[in-house]
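Open the model in your viewer and keep the selection panel at hand.

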Amino acid sequence: MLKIKRVPTVVSNYQKDEASDESVGCGRNCLGACCLNGARLPLYSCKKLENSGTGEKVVISHEAKEPPVAFLESLVLGEWEDRFQRGLFRYDVTACETKVIPGKYGFVAQLNEGRHLKKRPTEFRVDKVLQSFDGNKFNFTKVGQEELLFQFEAGEDCDVQFFPCMPLDAENSPSVVAINVSPIEYGHVLLIPRVLDCLPQRIDHKSLLLALHMAAEAANPYFRLGYNSLGAFATINHLHFQAYYLAMPFPLEKALSKKMITTVSGVKISELVNYPVRSLLFEGGNSMQDLSDTVSDACVCLQENNIPFNILISDSGRQIFLMPQCYAEKQALGEVSPELLETQVNPAVWEISGHMVLKRKEDYEGASEKNAWRLLAEASLSGERFKEVNALIFEAIGCSNQEEELEGILVQPSGSVNQTGNRTLGGPIANGTASECLVLQ
């Protein structure tokens, strides 16, 4: 069993050592049975959406109506700002220095020295993507209710419904949006599907579709959702997605892509070209459900084959990037250079997308495209291993015989945040054996 000493990010003010004695009682307003009775929270029920074949949103409604509350501006960012004013965050993320690193890719660097303070050491298992939920360890039923912003659900009606004060129903486990008390950007929140069901950190069809609904409801390409599997730097084994607002395109979103296949439901799958982490892009489909189901099938395949991965939901839910990776495995095997380990940067979804959250001033001041590429390339599967993983995915989604011969045909990014495409390669290419994911420098 591979293990590495890790220091997980503190996402809640009530996060504590698993060994803490709670026999004396809760003593706080949590989501456990001790405190849930009578708890209330706003409920936002989004409208039923489908995607047309061109990727444009189609609202199934008899007439256009203004939503009762602006989802992103008032509910997500407004409630986040309220918690900020109430002093619930561990530091002021708006005071963190941020810059765009010069170069063709436009990596974004942030100096966030507060993110690694007051952490607790733990043994983090990196060789098993699927692990059972352990209620004795920190999970989101232990957060304070003041850290919750609202309940979120995909409604069956054609209109948005908003209820300012709805009970938290233990019999019908709600999906909730909570603050991340260690934010990396303005509006950094957590989407926790069916929080009281205590689901482990693994993708299922309903939960991914819920995340796509949230991205679509925000209706802003600069509000993205991300997911980290176990073994790919998820720090809590309780199902959750992250999301935040950053008003600039990510390098991942701007990367050129090469079309590989199109599924029978119209989902186009492409491979990114000249990007440090080998990744797949899913887009299109006859409906949002088709796109979500295809990606879910791919993720379930990776989970069942014990392959760690990250997901970025982009362009208001129209694009989904899937990034299998092996950085933690290489780290456990002693194959990552001490220089990179000293940065304490673990390349999870945001880093792989191009938002480099740096914890040391020296790394921020010396940030360069070459350094960013070098770190991310360590996370990438080798070319041969990536082909093997793709074969598993295509078989899982029923497209193993549909591969198209389009080598050399590059597709410009199509999303509204994808303004320019990357054109040159600027760093070492991950290479080596499939079993070790070795990077040869």
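Begin with the rings: the whole structure holds 16 aromatic pairs. Rings of Phe, Tyr and Trp (its six-membered ring) pair if their centres lie within 6.5 Å; planes under 30 degrees apart count as stacked, over 60 as edge-to-face and the rest as tilted. This is a predicted model: local features need pLDDT of at least 70, side-chain atom pairs count only at pLDDT 80 or more, and totals for chains, interfaces and linings use all residues. Residues are numbered from 1 along each chain as its sequence is written, and side-chain values use heavy atoms, with hydrogens and water left out.

Select Trp80 and Phe84. Both lie in helix α1 (residues 71-85), four residues apart, about one turn of the helix. Helices are DSSP runs (H or I, at least four residues), numbered from the N terminus. Trp80 is buried at 0% relative accessible area; Phe84 is partly exposed at 23%. Buried means under 20%, exposed over 50%, partly exposed in between (1.4 Å probe, protein chains only).

Phe89 is buried, at 11%.

Next, select Tyr44, Phe71, Phe150 and Phe152: ring pairs link them into a cluster.

Finish on helices α2 (residues 205-218) and α4 (residues 288-304). Their axes come within 9 Å and cross at roughly 135°. Axes are lines fitted to C-alpha atoms, for helices over the stretch in contact, and angles run from 0 to 180 degrees between N-to-C directions.

Methods
Helix = DSSP H or I, 4+ residues; strand = E, 2+ residues; numbered from the N terminus.
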